[in-house]
Amino acid sequence: MTEHDPELHNVAPGEPHDSLLTETLSYVIGLGLALLLTGISFWVASTGTLWGPGVATGLVVLAIAQMGVHLVFFLHITSGPDNTNNVLALAFGVLIVFLVMVGTIVIMAQMNHNMGAPSEELMNLQMQH
Amino acid sequence: MSTHAEAAAVGLTHQGSEDTGLGHRGPESKSIVVPYGFWLFILSDMVLFSALFASYATLVHATDGGPDTNQLFDRKLVAVETLALLSSSFVCGLAMIAAKRKNMQLTQVWLLLTGLTGLVFLGIELFEFGKMIGEGAGPQRSAFLSSFFTLVGCHGAHVTAGLLWLGTMMAQIWAKGFRQDIIRRLLCFSVFWHALDIIWVAIFTIVYLIGTLP
């Protein structure tokens, strides 16, 4: 009857499993990695030794890495077969978040650009009427 | 026998390989379905925040001659806030481990610590908001400040709601013990709390660190 035990096939997000040691270890590793990444982020933002224009991109990469650490070690979202539904939902959420953010920023930057002084090309088009 | 065969023919039974539309094993147990539904809510909350992040990124330079990010934000305060929220998330995980083993004392102690570190975070945030508004940099000053207070304030409102929820959970565990439904609620709370920390990672990076680059 083990086939009818749903716990074997799916786990809820955020639910710790296995033994006391591995569960605690998961949170401790997560805390350590998160502290490390946070520390690097603050250091990267404060130091003047790095190439200026790349710092913002580096910070975003560090933030995404830390979100991954939180997802894996705190929320226990893994690539295991018992986690398929949670990962699929997460992937869809990330897709929508990506579309909303990148779409808005690109479109608004474009419109902001167009609202400025009319370009030569636009003037020429208007002259042709 | 004949009724069973009829039921099987229209697919209303769990026997054999008939498809119930809910998988071969029928619907999942409540301990899976409830946190999964809450996980979907958390993801939709992330989508809400992504809209606020997008409007912040669009309006960040629209300062209307008022103070900009470099003049307003203090990195040391943000570092303390980040540490407070991160340790809160960690201790919340320890509370979940204790709750799973039905250890009342440890669960309550860890949950209390979760709440206290959450309060430290909220206190610093309110102090920062009060200081900014006192300096004339309130949400009505410029489009940049409106979007800043909406984004960070929305996260702060979530933390406030989480603290109220946390207090309720401590009382429920105390009064009703580690019942199956109470454990489910506690699990949902921990997912909520960890998700707030994930959103804070995005806020301290995009708003505070990138905003105060030289």
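Trainee: At what angle do α2(A) and α7(B) pack?
Mentor: Helix α2 (residues 52–74) of chain A packs on α7(B) at about 170°, with the axes 10 Å apart. Axes are lines fitted to C-alpha atoms, for helices over the stretch in contact, and angles run from 0 to 180 degrees between N-to-C directions. Helices here are DSSP runs of H or I, at least four residues, and strands are runs of E, at least two, numbered from the N terminus.

Trainee: Parallel or antiparallel?
Mentor: α2(A) and α7(B) are roughly antiparallel. Angles under 35 degrees count as roughly parallel, over 145 as roughly antiparallel, 65 to 115 as roughly perpendicular and the rest as oblique.

Trainee: Which residues of α2(A) and α7(B) make the contact?
Mentor: On α2(A), they include A:Leu59, A:Ala63, A:Met67, A:His70 and A:Phe74. On α7(B), B:His194, B:Ile198, B:Val201 and B:Thr205 are among them. Contact means heavy atoms within 4.5 Å.

Trainee: What should I know about the model itself?
Mentor: It is predicted: local features need pLDDT of at least 70, side-chain atom pairs count only at pLDDT 80 or more, and totals for chains, interfaces and linings use all residues. Residues are numbered from 1 along each chain as its sequence is written, chains are lettered from A and ligands numbered from 1 in the order in which they are written, and side-chain values use heavy atoms, with hydrogens and water left out.

Trainee: Back to B:His194. Buried or exposed?
Mentor: B:His194 is buried, at 1% relative accessibility. Buried means under 20% relative accessible area, exposed over 50%, partly exposed in between (1.4 Å probe, protein chains only).

Trainee: What is B:His194 in contact with, leaving aside neighbours within four places in sequence?
Mentor: A:Tyr27, A:Phe74 and A:Leu75 from chain A, plus B:Ser89, B:Cys92 and B:Gly93 from chain B.

Trainee: And α7(B) as a whole, how many of its residues are buried?
Mentor: 26 of the 30, so α7(B) is largely enclosed by the rest of the structure.

Trainee: Where does α7(B) bend?
Mentor: At B:Ile203, by about 25°. The bend is the angle between axes fitted to the seven residues ending there and the seven starting there.

Trainee: How do α5(B) and α7(B) pack?
Mentor: Helix α5 (residues 104–134) of chain B meets α7(B) at about 30°, with axes 13 Å apart. That makes α5(B) roughly parallel to α7(B). Contact residues include B:Leu111, B:Gly118 and B:Phe121 on α5(B), and B:Trp193 and B:Trp200 on α7(B).

Trainee: New topic. What about α2(B) and α6(B)?
Mentor: Helix α2 (residues 30–59) and helix α6 (residues 143–176) of chain B pack at about 160°, axes 7 Å apart. α2(B) and α6(B) are therefore roughly antiparallel. Among the residues that meet are B:Phe49 and B:Phe53 in α2(B), and B:Phe148 and B:His155 in α6(B).

Trainee: B:Val47 is in that α2 of chain B. What does B:Val47 touch, beyond neighbours within four places in sequence?
Mentor: B:Val47 contacts A:Gly93, A:Ile96 and A:Val97. B:Val47 counts as partly exposed, at 23% relative accessibility.

Trainee: Last one: how many helices and strands in chain B?
Mentor: Seven helices and zero strands. Of the 214 residues in chain B, 51% are buried. Among contacts in chain B between residues at least 6 apart in sequence, 76% join residues at least 24 apart.
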